[in-house]
Amino acid sequence: MSITNCIHQQSLILSRDVSQTSWTTYSNKNTFAQSNLFQHSSYSCKTHQLKSTTLQSSPTHKQQQTGKALARSGELLIDVTTSLNLYGGSLSAAGASIRNSGDCLAQAAASCRFKTAAELVIDELREGADCLREGSDKLSLAVKESEVDGDTVLMGTIESMILPMGEAASWLEEAGASIMQGQKVGVVGDKLISCGESLQLLAMLVKSLDPTSAGGELSSQRMVYASEQMILAGNELKGEKKEKAKGKSWIKG
């Protein structure tokens, strides 16, 4: 496996000679080719070559907003379990998993500032996906807990949350895999859009957990915002930008 690091604004690629088990250092000033939305970097080894991509400014900012909002949504979901007298149970654990996933997404976006951090970005996306998948498993346990309590309405809502959370985990993991495989940025954008759409569906169900709780509505709102930012980031990676208002079309009414 190759290891990269940026020293004095110059990339140094350390590649291992597999046959002689020795390390050789190469100085490479022009390794990175830039596109409008991505920075591309290559990790080379005699046995294989791994091409990976990292986000640049605009999609990165949106993805960072996604992470922060998703983490806050998870925290608010934990608060909702207090009003439901379920604090400390599996539903609380699912909220913690959502919060941890948001932290991973924010960290992945922050790592995109560095040209040589592609592996870190991939790892954070995969960790974020694992957190969501773990949260989906916790929801399955929460369904059983609600069944024991005899709350069939809550049980049905929680059960409906399992599928979209699991799908969001799968799409997020595929986004990281697409970067690792060196696929086109549009492919990564498609995965992020699908993940955002799954989070939107999940957000609507979160709001239904406790309609009387302000925390449930806030948790849903933050998750909706997170999903919207992720979808916008995906669209920008595909080269689709929101059209600006022309002439006096910005005037309402």
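The protein chain exposes about 13,500 Å², with carbon and sulfur atoms supplying 51% of it; accessible areas come from the Shrake-Rupley method with a 1.4 Å probe, and for residues only the protein chains shown count as cover. This is a predicted model, in which local features need pLDDT of at least 70 and side-chain atom pairs count only at pLDDT 80 or more, while totals for chains, interfaces and linings use all residues. Residues are numbered from 1 along each chain as its sequence is written, and side-chain values use heavy atoms, with hydrogens and water left out. Here is a friendly tour of the fold and its salt bridges.

**Overall build**

- The protein chain contains six helices and six strands, taken as DSSP runs numbered from the N terminus (helices: H or I, at least four residues; strands: E, at least two).
- Of the 253 residues in the protein chain, 46% are buried (buried means under 20% relative accessible area, exposed over 50%, and partly exposed in between, with a 1.4 Å probe and protein chains only).
- Among contacts in the protein chain with a separation of 6 or more, 64% are between residues 24 or more positions apart; a contact means heavy atoms within 4.5 Å.

- Seven salt bridges are found in the structure, each being a side-chain nitrogen of Lys or Arg within 4 Å of a carboxyl oxygen of Asp or Glu.
- One of them pairs E75 with R72, whose closest N and O atoms are 3.2 Å apart.
- Both residues sit in helix α1 (residues 57-83), and because E75 and R72 are three residues apart there, about one helical turn separates them.
- E75 is partly exposed at 34% relative accessibility, and R72 is partly exposed with a relative accessible area of 40%.
- Another salt bridge joins the side chains of R126 and D123 at 2.8 Å, N to O.
- Helix α3 (residues 118-149) holds both R126 and D123, three residues apart, or about one turn of the helix.
- R126 is partly exposed at a relative accessible area of 42%, and D123 is partly exposed at 37%.

- E174 and K191 form a salt bridge, with their closest N and O atoms 3.1 Å apart.
- E174 belongs to helix α4 (residues 152-180) and K191 to helix α5 (residues 185-209), so this pair ties together parts that are 17 residues apart in sequence.
- E174 is partly exposed at 34% relative accessibility, whereas K191 counts as buried at 18%.
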